[in-house]
Amino acid sequence: MTDVRVAPRESAPPADSAEPSYWYGDEPADRRMRSKAVLESLRVYRAAEVAMRRRTRDSMSMGENELLVLRYLLRDSARRVRPGELTKYLGLSTASTTAILDRLERSGHLTRAANPDDRRSIFVQATPRADEEVRQTLGTMHDRMLAAVIDMTPEESASVVAFLRRMSDAVDGVAVETPAVDSP
């Protein structure tokens with residue numbers, strides 16, 4: 001008979017261990033910890049982005065909606081944009097959109113031009129000055145953001161894009177609840 005030595009069995013890792021188990025992969029607690037870490041990182045990024053937008057607005061002496069209008073117009077400078085399109089995009093009233101356009105026109109960031117096909121309507125367009133100012137203000141930030149992602153593998157890029165789409169769907173899918181009104 002052969003002399004066989006049996007090694008003592010290692011004890012199982014504690015239930016709260018961060019290590020995935022050998023046989024069963026990730027435990028639900030591990031998945032929850034990773035999920036929380038991802039969401040916390042997203043929250044920190046979002047806070048940094050909000051702060052960056054505030055600094056940008058301050059440096060350009062504009063409000064959030066003015067910047068949104070300029071970014072919309074600068075996406076395709078050859079596109080003809082009517083004020084009504086901006087009203088829908090911003091989700092504002094016609095009067096509010098008109099006030100924003102008035103401010104941007106006074107500051108030299110956009111021009112209004114009559115619609116040659118319909119004298120009752122106009123087109124708005126960002127000025128070269130607006131394009132230059134936005135590029136100057138946001139160029140360094142965009143360069144830094146590109147540097148942060150340029151070396152991602154195709155698989156990493158696909159994962160991040162899929163994640164952000166799922167998060168966008170999750171956020172967009174939240175129903176707007178009517179806030180409770182306190183009675184006097």
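Predicted model: local features only at pLDDT ≥ 70, side-chain atom pairs only at ≥ 80, totals over all residues.

Reader: Thanks! How much of the chain counts as buried?

Author: The chain has 184 residues, and 19% of them count as buried. As for contacts with a separation of 6 or more, 42% are between residues 24 or more positions apart.

Reader: Let's go to α1. At what angle do α1 and α5 pack?

Author: Helix α1 covers residues 28-60. The angle at which it packs with α5 (residues 128-149) is about 160 degrees, and the two axes are 10 Å apart.

Reader: And what does that make them, roughly parallel or roughly antiparallel?

Author: Roughly antiparallel, because the cut-off for that is an angle over 145 degrees, and α1 and α5 are therefore described that way. The crossing of α1 past α5 is right-handed.

Reader: Nice. Which residues make that contact?

Author: On the α1 side you have Y45, M52, T56, S59 and M60, and on the α5 side E133, V134, T137, L138, M141 and M145. Sorted by class, the contact of α1 with α5 has seven nonpolar, three polar and one charged residues.

Reader: I'm curious about T56. Is it buried or exposed?

Author: T56 is buried, with a relative accessible area of 8%. If you leave aside its neighbours within four places in sequence, T56 is in contact with L67, T137 and L138.

Reader: And M52, why does that one count as buried?

Author: M52, which also lies in helix α1, counts as buried because its relative accessibility is 15%, and the cut-off is under 20%. Apart from neighbours within four places in sequence, M52 touches L138 and M141.

Reader: How far apart are the C-alpha atoms of M52 and M141?

Author: They are separated by 8.9 Å, while along the chain the two residues are 89 residues apart.

Reader: Changing topic: where is S61?

Author: S61 sits in the loop between α1 and α2. This residue is exposed, with a relative accessible area of 67%. Its phi is positive, about 55 degrees, although S61 is not a glycine.

Reader: Good to know. What follows α3, by the way?

Author: That would be G91, and its phi is positive too, near 70 degrees.

Reader: While we're there, which residues of α3 are buried?

Author: In α3 (residues 83-90), the buried residues are L86, T87 and L90. Looking down the helix axis, they fall within an arc of 105 degrees, so they line one face of α3.

Reader: What covers them?

Author: The cover includes α2 (64-75), α4 (94-106) and β2 (118-126).

Reader: Last one: how do α2 and α4 pack?

Author: Their angle is about 75 degrees, with the axes 10 Å apart. That makes α2 roughly perpendicular to α4. From α2, the residues N65, E66, V69 and L70 meet I100, L101, R103 and L104 of α4. By class, this contact has five nonpolar, one polar and two charged residues.

Reader: Great, thanks a lot!

Technical notes: Residues numbered from 1 in each chain as written. Heavy atoms only, no water. Helix = DSSP H or I, 4+ residues; strand = E, 2+ residues; numbered from the N terminus. Buried < 20%, exposed > 50% of the residue type's maximum accessible area, 1.4 Å probe, protein only. Contact = heavy atoms within 4.5 Å. Axes fitted to C-alpha atoms, helices over the stretch in contact; angles between N-to-C directions. Parallel < 35°, antiparallel > 145°, perpendicular 65-115°, else oblique. Left-handed = near helix turned anticlockwise from the far one by under 90°. Nonpolar A, V, L, I, M, F, W, Y, C, P; charged D, E, K, R; others polar. Arc of directions from axis to C-beta.
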